Amino acid sequence: MPGSHEGSSLTRRQVLAGAGGTGLLAAVAPVRAAARPGPGTAGADGTPEQIHLTWGTDPATSITVSWASPGQATDPRILLGGRGGGQRRVPAVQRAYTDGINGETVWTYHAEISGLQPDTTYEYAVTADNDSSAEPFAATFKTAPRGRVPFRFTSFGDLATPNTQWVLSYGQSAYAVAAVESFQPLFHLLNGDLCYADLNPTGQPEVWRDFGNNNQRSAAFRAWMPCPGNHEVEFDNGPQGFTSYLTRYTLPDNGVPGFRGRWYAFQVGSVLFVSLDADDVVYQDAGAFVAGPASLTPVAATGNPAIAPGTSFYIRGYSGGAQTAWLERTLAAARADPSVDWIIAQMHQIAASSSATGNGSDLGIRQAWLPLFDRYQVDLVLNGHDHDYERSFPCRGFDRLAGTEVATGTPVQTMRPHPVTTADTGVFDTSQGTVHLVLGCGGTNANLDDYGTDAADGLRQAKVFTKPNRPAVTSTPGVYARAAADAVEDATWSARRDTSTGYGIAVFDVDPAGPGGLTSITVTQYHAVGADPVNPATGAHGAPTPDYTEFETFTLVRPRSDGGAGGPGGRRPGRATPAAAGTGA
């Protein structure tokens, strides 16, 4: 399989079409390995499955190959250079955990490969002494280029699995993975809520297995870089509930003791990518939850007690400010680095969403991180969380007391992002403001392409969490619920919303331009019209589809950072504009 989009015949306006819906879905259904042996069973099956790539510290010279096996593998390893006796043998490090709810042991392996050449395609094979396959799994990957060169990446979040026995899973998840391969990006950003295992608590390892085997069709050929979402938070699986996630992924080290894998950064070309865990700052309580009336009871072998109705796993503030301090250090260093033009942030929850039936926006992100995004001119923020597509105008600073408390009708501080322009020209200078993209359009069965409107003035309206929504008892005895957002605001920052479908993929083409010129990123959102189980605007019933067509294309521009004194846009990096300093606008 090719490792780059270069030379591809795919054009910006091309329709992505495959075989008839049933045929393609069958072709990309999850791989099923042999049944898992029971604990202590002799002759464990070490056959690799759920194979995926992530970037190492330097994507131009390092990559990590990760996988799982049904049983404990013997001498798990990578053969770099091809099948059977490759040019280089790389042993894998084993990481295992026992699920805190169903007691199943999960075996994973990670081979960190360094010393590679930039912009080079490599063959590799994955195997073990007790690999039961006829021949080892083999694939290729391509390292990142060095310096200012064009490249492509793709993104969406909220993928789930194609196995509809699991809550929120849907067949579009298979087509979404196939769409990534159709565009042949250098890598893919997966914006949280990977598989929703927490909503299937008694089968969490199997949900992760279906997710990993579905993604292998792309993630074994190019790096898939994730961030955690609220549905990666699982009961009895680690201090923040991330054990399933952290055991499966090896991600670039953030240098903060005790928090590796939760947030990180990497640079490709002239773009710094910053991946964050917004669970640490959001007000919304949306992690693992027992609604009742029954308790969630782990199997006896785990030794874990029953989890009572009304219990939620709320982790706001878990890093004690360490993540935000790391973020400021990272952004400041990037804007002082002449090799970095663009800063792109990835997180799951959202600062700017006007979904009516989804989660909406969160003041916690606006308070903790948007001032830093303003100060250091973060260009683009990619989110998931709401299962739709929405784009903001470039924003800097905030409008004071622009929100209304739903319960009382009184004004409330939502720190509404201030658009620096409301002219939707299709070309935006992000040195003047940050663009927010909601890309929770991966593959769940719960499309949320229904957006808010202010009944009083007909303007776009957003819900905003300004306080925690902890579980509260309902009118049904023993049953608890978590409330929706407590405030609303007119979404003056909202530029474009896709009402035709909740499914799609964003494709980003980076053009570094020449010295002293304007570098650009061309963004095209392709959407899967007809995939909504029920479209909220029309009531039409749909089904999973392989067909992705263009919804919109726009271009982000900014001056190259090596173009002259004073930094991008003629301003010194690190100085806030008056609006960014919180004066309002």
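Let's start with a term: a residue is buried if its relative accessible area is under 20%, exposed if over 50%, and partly exposed in between (1.4 Å probe, protein chains only).

You're looking at a predicted model, where local features need pLDDT of at least 70, side-chain atom pairs count only at pLDDT 80 or more, and totals for chains, interfaces and linings use all residues. Residues are numbered from 1 along each chain as its sequence is written, and side-chain values use heavy atoms, with hydrogens and water left out.

**Rings**

Rings of Phe, Tyr and Trp (its six-membered ring) pair if their centres lie within 6.5 Å; planes under 30 degrees apart are stacked, over 60 edge-to-face, and the rest tilted. Searching the whole structure turns up 25 aromatic pairs. In one of them, the ring centres of Phe 259 and Tyr 318 are 6.0 Å apart with planes at 45°, so this pair is tilted. Phe 259 belongs to the loop between helix H4 (243–248) and strand E12 (264–268), while Tyr 318 belongs to the loop between strand E13 (271–275) and helix H5 (322–335), so the pair ties together parts 59 residues apart in sequence. (Helices, H or I with at least four residues, and strands, E with at least two, are DSSP runs numbered from the N terminus.)

There's also an aromatic cluster, made of Trp 55, Phe 151, Phe 153, Phe 187, Tyr 264, Phe 266, Phe 273 and Phe 508.

Some rings have a charge over them, meaning NZ of Lys or CZ of Arg is within 6 Å of the ring centre and within 35 degrees of the ring normal. Here are two:

| Charged residue | Ring | Distance from ring centre |
|---|---|---|
| Arg 316 | Tyr 283 | 3.9 Å |
| Arg 496 | Phe 551 | 4.4 Å |

**Cores**

A nonpolar core is a set of buried Ala, Val, Leu, Ile, Met, Phe, Trp, Tyr and Cys residues joined through side-chain atoms within 4.5 Å. The largest one has 122 residues, and among those touching the most other members are Trp 55, Tyr 124 and Phe 373. Helix H2 (residues 172–183) gives this core its largest share, 6 residues. A second, separate core has 7 residues, including Tyr 283 and Met 415.

Back to Phe 373: what does it contact, leaving aside its neighbours within four places in sequence? Its partners include Leu 276, Leu 327, Arg 396 and Thr 434, with contact meaning heavy atoms within 4.5 Å.

Most residues other than glycine have a negative phi, and most peptide bonds are trans. Met 415, though not a glycine, has a positive phi of about 50°. Met 415 sits in the loop between strand E20 (411–412) and strand E21 (416–419), and its relative accessibility of 13% makes it buried. Ala 513 also isn't a glycine, yet has a positive phi of about 60°; at 31% relative accessible area, Ala 513 is partly exposed. Gly 292 and Pro 293 are joined by a cis peptide bond, with omega about 5°, and Pro 293 is in the loop between E13 and H5.

The largest cavity holds about 110 Å³ of space. Its lining has 13 residues, and those closest to the centre include Gln 50, His 52 and Tyr 249. On a 1 Å grid over the protein atoms alone, a cavity is a set of points where a 1.4 Å probe fits but cannot get out, and lining residues have an atom within 4 Å of a point. Grid points are joined across faces, edges and corners, and a volume is the space filled by probe spheres set on the points. H3 provides the largest share of that lining, 5 residues.

How values were computed: 1 Å grid on protein atoms, 1.4 Å probe; cavity = no way out; pocket = protein on both sides within 12 Å on 5 of 7 lines; lining within 4 Å.
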